[in-house]
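Please look through the structure shown here with an eye to its strand pairing and its aromatic contacts. The report below takes these two topics in turn.

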Amino acid sequence: MAAAFTVISLLLSVCVQGAAPVLSFTRSDFPEDFVFGSATSAYQYEGAVAEDGRSPSIWDTFTHAGNMPDKSNGDIAADGYNKYKDDVKLVIDSNLEAYRFSISWSRLIPNGRGAINPKGLEYYNNLIDELATHGVQVHVMISQLDPPQILEDEYGGWLSPKIVEDFTAYADVCFREFGDRVSHWTTLDEVNVAALGSYDIGQIAPGRCSDPFGFGTKKCTVGNSSVEPYIAAHNMLLAHASATRLYREKYQAVQKGVVGINIYTMWAYPLTNSTADLEASQRFLDFYCGWILEPLVFGDYPSVVKKNVGSRLPSFRKVQSEAIRGTIDFIGINHYLSVYVNDHPLEKGIRDFVLDVAADYRVSRTDPPVGQHAPTSIPADPRGLQLMVEYLSEAYGNLPIYIQETGYATRNGSLHDTDRVDYMKNHINSTLTALRKNYFPEIYPHPVLTCRNGANVKGYFAWCFLDVFEYLTGFSSQYGLYRVDFEDEALPRQARLSARWYSKFLKKGIRVEDELDDAGSHVEQ
């Protein structure tokens with residue numbers, strides 16, 4: 001019954017198994033307004049946690065309590081706070097068209113509300129200026145899973161409606177101070193997984209859960225897995241909507257930017273063609289995607305979520321429903337895997353989110369359900385990314401979609417990351433396929449997908465630009481296009497084969513089958 005291995009645990013796998021790319025394409029095959037980039041996030045990249053007035057975030061508290069598998073923390077991370085100028089040079093050398101980063105609420109407004117930290121303001125202004133001066137499109141995540149600890153201590157962070165006002169005020173500072181150079185804003189990262197990982201299974205900060213739903217062997221000491229994930233997500237939605245309305249009323253006419261939200265996505269294949277499994281795959285999408293997106297597009301939670309969760313699900317008052325509906329300019333997704341879903345009758349008694357879905361899922365048809373055993377590897381499924389963006393385009397009114405994260409993890413630190421290159425080729429190819437018109441369901445059949453037009457996908461961001469502190473694995477896995485040597489105090493950066501391939505691809509006219517035959521010379525700072 002315990003949610004020992006859920007969506008979050010799937011990311012702990014050593015690597016993604018991929019197949020060789022089969023199609024040829026160039027950058028010029030994509031629309032001119034489509035952007036290719038890469039990304040980092042504040043706590044994972046910046047380090048300097050006690051420098052220049054920054055206050056602790058919930059991740060400082062969580063990691064220093066020894067909660068990471070490798071007992072690591074982000075105190076130094078990749079030291080981006082001090083090395084950002086050199087890293088921006090690598091961004092430019094890599095021909096990236098866009099770069100996404102997040103702002104540390106604790107660095108910009110250390111008390112969670114009120115006074116702005118001048119040093120924090122200076123850092124983000126300098127970073128944005130470096131990017132914008134060189135023609136790199138700036139995408140900003142206002143908060144990436146790391147709100148200030150002071151608000152957690154004061155009123156429980158996302159569990160309190162008080163955070164809506166504080167988040168809106170924080171977003172107001174970001175819009176006012178940076179909006180003249182930033183036109184793509186994402187309020188919150190992986191709202192669905194943030195609620196689950198933080199408040200259901202307790203695997204990520206602030207690590208709340210209740211037995212028997214804790215991750216793995218975790219003994220839950222504080223929290224309520226049956227209720228808190230829904231409360232936290234509800235307040236995140238209200239905060240997003242409030243910040244978006246403020247931007248539209250106060251800034252959008254002049255700054256001409258857009259505001260979206262980010263969710264973690266998994267494509268759901270039915271395990272069998274039975275009616276029960278077909279319905280379960282749709283229910284899986286309704287819970288993992290619709291739970292967050294339907295209120296922002298249509299004004300309320302999906303009917304199946306309301307039915308299965310019942311009184312544990314907060315409701316929107318009429319005025320709230322009207323206020324949140326339509327408060328999304330684009331959908332951001334972090335996409336890494338697909339799952340095979342089968343029906344699991346709704347259990348009686350105490351349930352958490354995982355049990356509320358009433359479905360089992362696995363990463364391959366032959367695996368046991370994820371809730372019983374951890375997968376040894378995660379098969380790459382580029383087609384699942386294609387189907388996901390096509391589904392979202394159809395289900396949510398053809399809103400623009402940005403693939404804000406997708407990537408490949410290794411553990412050996414090699415510069416010759418051919419598997420990552422193949423992963424990128426396949427997933428970029430799938431993105432192109434989704435963009436093109438005349439989607440034929442007889443070629444790619446799925447019971448919940450009938451899209452006949454190209455998906456409205458606008459960008460692809462590889463995770464991660466360089467090796468960083470990973471929220472789930474610390475420093476034991478690497479996603480970076482650039483290797484960071486964490487054993488060297490200087491934290492030198494070295495270009496992997498994937499960085500060099502991506503750079504070549506982004507020079508218009510270079511076809512994907514043009515190979516780089518070695519890892520080449522390295523770049524160090």
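Predicted model: local features only at pLDDT ≥ 70, side-chain atom pairs only at ≥ 80, totals over all residues.

## Strand β7 and its partners

Strand β7, which covers residues 330-343, is mostly covered, with 13 of its 14 residues buried. Eleven bridges join β7 in the parallel sense to strand β6 (residues 258-270), and within this pairing Met-266 has Leu-337 of β7 as its bridge partner.

Strand β10 (residues 401-405) also pairs with β7 in the parallel sense, over four bridges, and here Ile-331 stands opposite Ile-401 of β10. The pairing of β7 with strand β8 (residues 359-362) is antiparallel and likewise runs over four bridges, with Asn-342 standing opposite Asp-360 in β8.

## Aromatic pairs across the chain

Across the whole structure, a search finds 49 aromatic pairs. One of them is formed by Phe-36 and Tyr-502, an edge-to-face pair with 6.4 Å from centre to centre and 85 degrees between the planes. This pair links distant parts of the chain, since Phe-36 belongs to strand β2 (residues 35-39) and Tyr-502 to helix α18 (residues 497-505), 466 residues apart; both Phe-36 and Tyr-502 are buried.

The pair of Tyr-124 and Phe-178 is edge-to-face because the ring centres are 6.4 Å apart and the planes stand at 65 degrees, an angle over the 60 degrees required. Tyr-124 lies in helix α6 (residues 118-133) and Phe-178 in helix α8 (residues 162-178), so the pair ties together parts that are 54 residues apart in sequence.

## An aromatic cluster

Tyr-124 and Phe-178 also belong to one aromatic cluster, whose members include Tyr-81, Phe-101 and Tyr-482. Over the ring of Tyr-81 sits the charged end of Arg-107, 4.2 Å from the ring centre.

Methods:
Residues numbered from 1 in each chain as written. Heavy atoms only, no water. Buried < 20%, exposed > 50% of the residue type's maximum accessible area, 1.4 Å probe, protein only. Helix = DSSP H or I, 4+ residues; strand = E, 2+ residues; numbered from the N terminus. Pairing = 2+ DSSP bridges. Phe/Tyr/Trp six-rings, centres within 6.5 Å; stacked < 30°, edge-to-face > 60°. Lys NZ or Arg CZ within 6 Å of the ring centre and 35° of its normal.
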